[in-house]
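Hello,

Here is the structure I promised to pass on. Please open it first, then read my notes below.

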Amino acid sequence: MLEYLNLEAAEAAVGRKLTVWEELWLNYSAKKHDFILHFHNILFLFLFYSLAPLPYMWIELIQSKKINKYKIQPKVQRTFSDMFKCYKDVMKTFILVAGPLQILSYPTTKWIGIRTSLPLPSKWEMFWQLCVYFIIEDYCHYWMHRWLHTKWGYEKIHHVHHEYTTPIGFAAPYAHWAEIFILGIPSFLGPALVPGHIITYWLWFILRQLEAVETHSGYEFPWSLTKWVIPFYGGAKYHDYHHYVGSRSRSNFASVFTYCDYIYGTDKGYRHYKSLLVPNKRD
Ligand SMILES: [Zn+2]
Ligand SMILES: [Zn+2]
């Protein structure tokens, strides 16, 4: 909620003319309570969980030979009811755990200083903050995920996420409720350590979800932007291998990048596997 009576008052407070984006933000957010703005994150998560996997679902259902060559595990075909069941299960956990967690985190976001005010952050500020969030999340996710692969962690919690040995986009957030909570912590750590504007906060969760859907999609396209633009990016094939091996997996624990697995030696299985692959199989 912005405490300005009108545009002139906002410009006087900022000390300059507002940009177009800032005027839009002023018009949109001025009369909305901060909790409502924070609540938007739940709507975005719901939308992106629901919409981002749809193109992959369509690809899976049309079974085009041209596209099928980019499928990582081509022998496994998913049906509509298969994928819809996964979506329904994800929505149940979303309504019972992920959504309430977002609501409960509101006082924390206020306390750590996620701001809704003007001026809006510059493009560079957003860019660097998002980079920091990705790096912090990736590092912490690596160690928590590794812990989830201990006997206790796997049998009690993580086995649910690994029900999909051939991942699909909808399965990205498919997990035990405790895992949503445990792996949710690294997502909040970045914004907690480097708090920014709520738009950056929204963008962070949206981008992280899109990345998770892509890495669980079951397809690796040569034109995937993320593959070429982001340094040390793991991608779909990297995480697919982690699911393919299942409970015995001791490889590829990182969520986004490959450097943690490289540094701590947990990509050896994957590298060995890749070296054994014959063309046109899984590689
Ligand atoms: Zn795992
Ligand atoms: Zn996964």
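Bear in mind that this is a predicted model.

I began with contacts along the chain. Take those between residues at least 6 apart in sequence: 69% of them join residues at least 24 apart.

Next, the overall build. The chain has 15 helices and zero strands. Its radius of gyration is 21 Å, close to the 19 Å from the globule rule for 283 residues, so the chain is as compact as a globular protein of that length. Along the principal axes, the C-alpha atoms fill a box of roughly 65 × 40 × 35 Å. Of the 283 residues, 33% are buried.

Now look at one helix pair. Helix α8 covers residues 123–148, and helix α10 covers residues 177–193. Their axes come within 8 Å and cross at roughly 155°. Angles over 145 degrees count as roughly antiparallel, and therefore α8 and α10 are roughly antiparallel to each other. Their crossing is right-handed.

Which residues meet there? From α8, they include Val132, Tyr133, Ile136 and Met144. From α10, they include Ile182, Leu183, Pro186 and Leu189. The residues of this contact divide into 12 nonpolar, three polar and two charged.

Last, find lysine 151. It is in helix α9, residues 151–158. Is lysine 151 buried or exposed? Lysine 151 has 8, so it is exposed. Lysine 151 and serine 247 are 96 residues apart in sequence, yet their C-alpha atoms are 9.1 Å apart in space.

Best wishes

Notes. Residues are numbered from 1 along each chain as its sequence is written. Chains are lettered from A and ligands numbered from 1 in the order in which they are written. This is a predicted model: local features need pLDDT of at least 70, side-chain atom pairs count only at pLDDT 80 or more; totals for chains, interfaces and linings use all residues. Axes are lines fitted to C-alpha atoms, for helices over the stretch in contact, and angles run from 0 to 180 degrees between N-to-C directions. Helices (H or I, at least four residues) and strands (E, at least two) are DSSP runs, numbered from the N terminus. Angles under 35 degrees count as roughly parallel, over 145 as roughly antiparallel, 65 to 115 as roughly perpendicular and the rest as oblique. A crossing is left-handed if the near helix is turned anticlockwise from the far one by less than a right angle, and right-handed if clockwise. Two residues are in contact if their C-beta atoms, placed from the backbone, lie within 7 Å. Ala, Val, Leu, Ile, Met, Phe, Trp, Tyr, Cys and Pro count as nonpolar, Asp, Glu, Lys and Arg as charged, and the others, Gly among them, as polar. A residue is buried if 20 or more other C-beta atoms lie within 10 Å of its own, exposed if 12 or fewer, and partly exposed in between; C-beta atoms are placed from the backbone. The radius of gyration is taken over C-alpha atoms; the globule rule is 2.2 Å times the number of residues to the power 0.38.
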